[in-house]
Number of protein chains: 2
Amino acid sequence: MRKPREEMIAETKAKLIAAGRQAFGTVGYADASMDDFTAGAGLTRGALYHHFGDKKGLLQAVIREIDAEMTARLNRISAEAPNRWQGFVAECVAYIEMALEPEIQRIMFRDGPAVLGDVSQWQTTSGCIAALSRSIEQLKADGVMADIDTEAAARLINGASSHAALWIAKSDAPEETSRRAVKGFRTLLEGLCVRG
Amino acid sequence: MRKPREEMIAETKAKLIAAGRQAFGTVGYADASMDDFTAGAGLTRGALYHHFGDKKGLLQAVIREIDAEMTARLNRISAEAPNRWQGFVAECVAYIEMALEPEIQRIMFRDGPAVLGDVSQWQTTSGCIAALSRSIEQLKADGVMADIDTEAAARLINGASSHAALWIAKSDAPEETSRRAVKGFRTLLEGLCVRG
DNA sequence: CCACTTACATACGTGGCGTATGTCTATGAG
DNA sequence: CTCATAGACATACGCCACGTATGTAAGTGG
């Protein structure tokens, strides 16, 4: 064992992030007791304060991890589409669908912004917005999308998506609501498409 | 004095709502100490628990009050416009601008959803969504707006607006960002407008 | 006029957070 | 090889806030 030290540390951090992610994603940030979930990881609050400073620090780390995962998924989806426009639409729809997952919903769209302020503002932390922006930029270059401020479009679409997901998630009939939301969303996007 | 009793009660409730609104709107829900802000209203937590059940109950009451005010403002704005379409756009832009006010931002778009879940889901509590829906319904009837699910459209637009406001509020140059956001937003809405 | 309810205040227990402090293990210099 | 130091983590403590249980005074209905 050459460097068991750093490995142990990384492992500890990973365990804390995993434990926090689990707790935040289920009972929510406010009701997640640091004593409880650190104990679940075989540690104590001491480790958490040492590595992340405070409870918010751990939340940041959790969010960074989830954001990276989401970004990777979105990039993959848009890359697999037959053309840019369809890739873009697929990406947006996927974003709605990801926001349906309880963990993402709770951590990224509810507790995250509430506790840390707008998460998408941390420097360029939000990979998702960046991914959307890249797609929009390309579509404009291709002449497929109407002339619109790139970042503004990305954020508006992002906002519409996350709210749609909230609506669906809280709905009595999520299946039905999901269809309505996605259909409406496609209509909205098509309004941005240059017509022939 | 015929009925000083009910008046006193209403007054007490109003004082608590006002105090809570002030505290929630400035330091935020989590950091607002019930002991502190009830004392500021010349009362104690006892009164709060009696009338509102718990801290969340007071937040609900505060939100209901703010929502009613916002709805009234939106209705007024759309009524004053020269035609339905312009009224609708004005309403949406006004929504963004309202979301810029720190109190509304904090209570309606951050703490509210985080603490209570999606506020717009409480039965038909959200007057704002209802107002938007009515406008959209009329525009569709007039043949001015594309065929789109009314509620879906209302919620997508609502989401886009509130995120845009967040973006603006947290921006380094709010003026500039506001212009970009509103311009992009108009473009988005025009995509829903039936072209001649 | 009296029993009862209602509107609040006071008192108390619990639990969570943050910090200060302790301990043990790994590393690096001599 | 060993000893001093730093870093990783645990333990211990105090504070504050919430919720509840209980008390009290004032109003109301019979």
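Trainee: Which residues come nearest to DNA strand D?

Mentor: Keep in mind that we're looking at a predicted model. Of the 18 residues around DNA strand D, the nearest are A:Thr44, A:His50, A:His51, B:Arg45 and B:Tyr49.

Trainee: Okay, and what part of DNA strand D do the protein atoms sit by, sugar and phosphate or bases?

Mentor: Counting the atoms of DNA strand D within 4 Å of the protein, 69% belong to sugar or phosphate, and the rest belong to bases.

Trainee: Which polar side-chain atoms of chain A lie by a phosphate oxygen there?

Mentor: A:Thr12 has a polar side-chain atom 2.7 Å from a phosphate oxygen of DNA strand D. Chain B has a backbone example: a backbone N or O atom of B:Met34 is 3.3 Å from a phosphate oxygen of DNA strand D.

Trainee: Which element gives the largest share of the surface near DNA strand D?

Mentor: That's H3(A), with five residues. The elements that each supply at least two residues are helix H1 (4-26) and H3 of chain A, together with H3 of chain B.

Trainee: How do the residues of that surface divide into nonpolar, polar and charged?

Mentor: Near DNA strand D you get six nonpolar, seven polar and five charged residues.

Trainee: How far is A:Tyr49 from a phosphate oxygen of DNA strand C?

Mentor: A polar side-chain atom of A:Tyr49 lies 2.5 Å from one.

Trainee: New topic. How is chain A laid on chain B?

Mentor: A turn of 180° with a shift of 0.0 Å along the axis does it, and the RMSD is 0.1 Å. That is the relation of a two-fold axis.

Trainee: Which residue of chain A comes closest to the rotation axis?

Mentor: A:Gly191, whose C-alpha is 1.8 Å from the axis.

Trainee: Why do we say the copies meet through the same surface?

Mentor: Because 100% of the interface residues of chain A are also interface residues in chain B.

Trainee: How many helices and strands does chain A have?

Mentor: Nine helices and zero strands. Chain A has 196 residues, and 52% of them count as buried. Its C-alpha atoms fill a box of roughly 60 × 45 × 25 Å along the principal axes.

Trainee: Which residues does UniProt list for a domain?

Mentor: An unreviewed UniProt entry lists residues 10-70 of chain A as "domain: HTH tetR-type". Over residues 10-70 the chain is 79% helix and 0% strand, with the end C-alpha atoms 22 Å apart.

How values were computed:
Residues numbered from 1 in each chain as written. Chains lettered and ligands numbered in written order. Predicted model: local features only at pLDDT ≥ 70, side-chain atom pairs only at ≥ 80, totals over all residues. Heavy atoms only, no water. UniProt positions renumbered as here; feature names shortened; annotations may be inferred. Helix = DSSP H or I, 4+ residues; strand = E, 2+ residues; numbered from the N terminus. Polar contact = N/O pair within 3.5 Å; in protein donor to acceptor, adjacent residues only side chain to side chain. Least-squares fit on C-alpha atoms with pLDDT ≥ 70 in both. Contact = heavy atoms within 4.5 Å. Buried < 20%, exposed > 50% of the residue type's maximum accessible area, 1.4 Å probe, protein only. Near = heavy atom within 4 Å. Nonpolar A, V, L, I, M, F, W, Y, C, P; charged D, E, K, R; others polar.
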